[in-house]
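Here are my notes on this one, point by point. Have the structure open while you read.

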Protein chains: 2
Amino acid sequence: MRFISERRLDDGVREREFTLDEIPGILWTPPTASGPTPLILQGHPGDLRRMYPRLAARARHAAAAGYASATLELPGAGDRPRSAAADQARVDLRRAIQAGEPVADEIVERLVLPLVDQAVPEWRVALDALLALPEIDGPVGYAGGVIAIGVRLAVVEPRISAAALFAGSYVPRVMFEEARQVTIPLLVLLQWDDEGNDRQLALDLFDAFGSREKTLHANMGGHTGIPAHEGDDGNRFFARHLRAAG
Amino acid sequence: MRFISERRLDDGVREREFTLDEIPGILWTPPTASGPTPLILQGHPGDLRRMYPRLAARARHAAAAGYASATLELPGAGDRPRSAAADQARVDLRRAIQAGEPVADEIVERLVLPLVDQAVPEWRVALDALLALPEIDGPVGYAGGVIAIGVRLAVVEPRISAAALFAGSYVPRVMFEEARQVTIPLLVLLQWDDEGNDRQLALDLFDAFGSREKTLHANMGGHTGIPAHEGDDGNRFFARHLRAAG
C-alpha cells in the first residue's frame with residue numbers, strides 16, 4: 001500500500017489516496033481518535049472519480065461517529081483496464097431494463113460473478129494493509145454496494161463483523177446459496193422505486209440471508225434518493241455491532 | 001374525559017387512567033416539559049390490561065424524548081361489550097391461519113371493518129379531549145397497530161401529522177384505496193416472520209400508501225419480537241416530523 005496524496009478536509013477528516021498493486025483507493029480517518037477506530041469498507045458500483053462526492057460524504061459522516069473508511073476502485077472501472085465481457089453484459093442489462101423486460105439471470109451472472117470473483121480478493125488484500133496501519137484498529141464493517149460483493153465478503157472474510165448493504169444492484173440467483181451462509185448482522189437498504197433494480201429480487205435476497213439479526217430499511221425515491229436519516233441509522237447500526245465487537 | 005387514577009412511575013412519568021363516555025383510556029405525560037409537548041396516540045390490538053406492559057414501555061420511551069402518549073380501549077375488547085360477529089370472525093381467522101390456508105378477504109373484512117368504523121370516531125373524540133388539556137400541545141402522531149385503524153385515522157383526521165404503523169395485523173384489500181389517500185410521513189414496521197400476519201399483504205400495503213415520505217423497517221422474529229432499537233428509531237421519526245411540524 002503506497003500513499004500518493006494526503007489532505008485535510010474542512011471538518012478535519014484526513015483523506016489519503018493510495019494504490020495497492022496498482023489499484024487506486026482512498027482512506028479517510030477521523031480527526032482525532034477517542035478510543036479504538038473501527039473501519040468501514042465503503043462499497044460502490046465502480047469509478048471512484050464519479051462516486052467520490054457520495055463516498056466522501058459517507059466517509060465524513062462515518063468519521064464524525066469515530067469510524068475510519070476506505071474504498072478501492074473496482075475491476076474494469078475508472079482507470080483500470082475494462083472488461084469487454086462485462087461491458088457487453090452491462091449493455092444487455094440496460095437494454096432489458098429499458099425494454100421493460102425481465103432481466104435474464106444469465107445476463108446478471110455474466111455481469112456480476114466475474115466482478116465478485118475478482119474484486120473480493122482485492123478488498124481482502126486491502127484489508128490486510130489497512131488493518132496493519134497503526135491508526136486503524138477494527139473491527140470492520142462493509143457498507144454500500146455492489147451488494148453481491150458485500151455478500152461474498154460477508155461469507156469469506158471473517159474479519160467483517162457487520163454489513164450495511166445497499167440493495168441497489170442485481171444479484172444472480174446462484175448467489176442466494178451464499179446469502180444463506182451469511183450470519184453477521186445486516187442492515188439492508190432498499191430504494192422502493194429504484195429504476196435500475198428489481199424490488200422482488202431484493203426482498204427475496206433479504207429473506208435468504210442466514211443472519212439472525214437483519215433489518216430491511218426501504219425508502220421512497222430512486223436509486224440515488226436514499227434519505228439523509230439513513231446515514232445516521234447506518235452509524236447507529238455499526239455502533240451496535242462494531243463498537244460491541246471491539 | 002374523567003380522570004379516575006393518577007400515579008408517578010419510577011422515571012417520573014405521570015400516568016393517569018381516564019374514562020371517556022365509559023371507554024377506558026390511559027394518558028402518560030413526561031416528568032417535565034421543556035418546550036411544547038407533542039402527543040402520540042398509542043395503538044394496540046385491544047385489551048388494555050393485557051397490553052399494559054408493552055404500551056407503558058412505549059409511552060415511557062416516548063416520554064423520555066418529550067412526548068405525551070395516550071391510548072383508548074378498543075370496541076369489543078377488555079371490559080367493553082363483546083361483539084359476537086367480531087369474535088366469530090376472529091375464530092375464523094385463527095382457524096384459517098392454523099390450517100395454513102390463505103385468509104379469505106371476507107373474514108378480514110368482517111373482523112376489521114366494523115372495528116375501524118367504531119374505533120376511529122372514538123379516538124377522534126379522545127383527541128379533542130386530550131388536546132384540550134393544558135399539558136399537551138400537539139402535533140399528534142399515531143403509533144402501533146391496529147394498522148387498519150392507523151390508516152383510517154391518517155386519512156380522516158387532519159390533526160395527525162405522522163404515523164409509525166405496525167404492520168402486524170390484517171388489512172382488508174378494500175382499504176387499499178384508503179391507503180392510497182394517506183399522505184402524511186409514515187414509518188411502517190414489519191416483523192418478517194410474524195406468525196399471524198401476511199408478509200405480502202404488508203408489502204403491498206406499504207406500496208399502496210400515497211405518502212411521499214414512507215419508510216419500511218423489517219426485522220427478524222415473530223409478532224412480539226420487534227427489536228429495542230426500533231423504539232429509538234420511532235422517536236427519531238417523530239422528532240423529524242412532529243417537532244418540525246410544531
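1. One cut-off before we start: a residue counts as buried under 20% relative accessible area, as exposed over 50%, and as partly exposed in between. Keep in mind as well that this is a predicted model.

2. With that in hand, take B:Arg60. Its relative accessible area is 26%, so it falls in the partly exposed class. This arginine forms a salt bridge with B:Asp10, and the closest N and O atoms are 2.4 Å apart. B:Arg60 sits in helix α1 (residues 48–64) of chain B, while B:Asp10 belongs to the loop between β1 (2–8) and β2, so the bridge ties together parts 50 residues apart in sequence. B:Asp10 itself is exposed, at 73%.

3. Chain A has a bridge between A:Asp10 and A:Arg60, also listed at 2.4 Å, N to O. Here too the pair links distant parts of the chain, with A:Asp10 in the loop between β1 (2–8) and β2 (14–20) and A:Arg60 in helix α1 (residues 48–64). A:Asp10 is exposed at 74%, and A:Arg60 is partly exposed at 26%.

4. How many salt bridges does the structure hold over all chains? The count is 44. One of them joins B:Arg110 to B:Glu106 at 2.5 Å, N to O. These two are four residues apart in helix α3 (residues 105–131) of chain B, which means about one helical turn separates them. B:Arg110 is partly exposed at 31%, as is B:Glu106 at 42%. Over in chain A, a salt-bridge network links A:Asp92, A:Arg95, A:Glu106 and A:Arg110.

5. Now the interface. Chain A puts 19 residues in contact with 19 residues of chain B, and the two chains bury about 1,600 Å² between them, 54% of it on carbon and sulfur atoms. A:Trp192, A:Met220 and A:His229 supply 28% of the area that chain A buries there, more than any other three residues.

6. On the polar side, nine residue pairs are in polar contact between chain A and chain B. Which elements of chain A each supply at least two residues of the side that touches chain B? They are α6 (199–208), β9 (214–219) and α7 (229–245). Of the contributors, β9(A) gives the most, with six residues. By class, this side of chain A has six nonpolar, five polar and eight charged residues.

7. Two salt bridges cross the interface, among them B:Arg199 with A:Asp207 at 3.3 Å, N to O. Strands also meet here: β9(A) pairs with β9 (residues 214–219) of chain B in the antiparallel sense, over five bridges. In that pairing A:Leu216 stands opposite B:Ala218.

8. Last, have a look at strand β5 (residues 68–72) of chain A. Five of its five residues are buried, so the strand is largely enclosed by the rest of the structure. A:Ala68, A:Ala70 and A:Leu72 point one way, A:Ser69 and A:Thr71 the other. Strand β3 (residues 23–29) runs antiparallel to β5(A), joined by four bridges, with A:Ile26 opposite A:Thr71. Strand β4 (residues 39–42) pairs with β5(A) in the parallel sense over three bridges, and A:Ile40 has A:Ser69 as its bridge partner.

Key
Residues are numbered from 1 along each chain as its sequence is written. Chains are lettered from A and ligands numbered from 1 in the order in which they are written. This is a predicted model: local features need pLDDT of at least 70, side-chain atom pairs count only at pLDDT 80 or more; totals for chains, interfaces and linings use all residues. Side-chain values use heavy atoms; hydrogens and water are left out. Contact means heavy atoms within 4.5 Å. Buried area is the accessible area (1.4 Å probe) that two parts lose on being put together, summed over both. A salt bridge is a side-chain nitrogen of Lys or Arg within 4 Å of a carboxyl oxygen of Asp or Glu. A polar contact is a pair of N or O atoms within 3.5 Å; within protein, one must be able to donate a hydrogen and the other to accept it, and residues adjacent in sequence count only if both atoms are side-chain atoms. Ala, Val, Leu, Ile, Met, Phe, Trp, Tyr, Cys and Pro count as nonpolar, Asp, Glu, Lys and Arg as charged, and the others, Gly among them, as polar. Two strands pair if DSSP finds at least two bridges between them. Buried means under 20% relative accessible area, exposed over 50%, partly exposed in between (1.4 Å probe, protein chains only).
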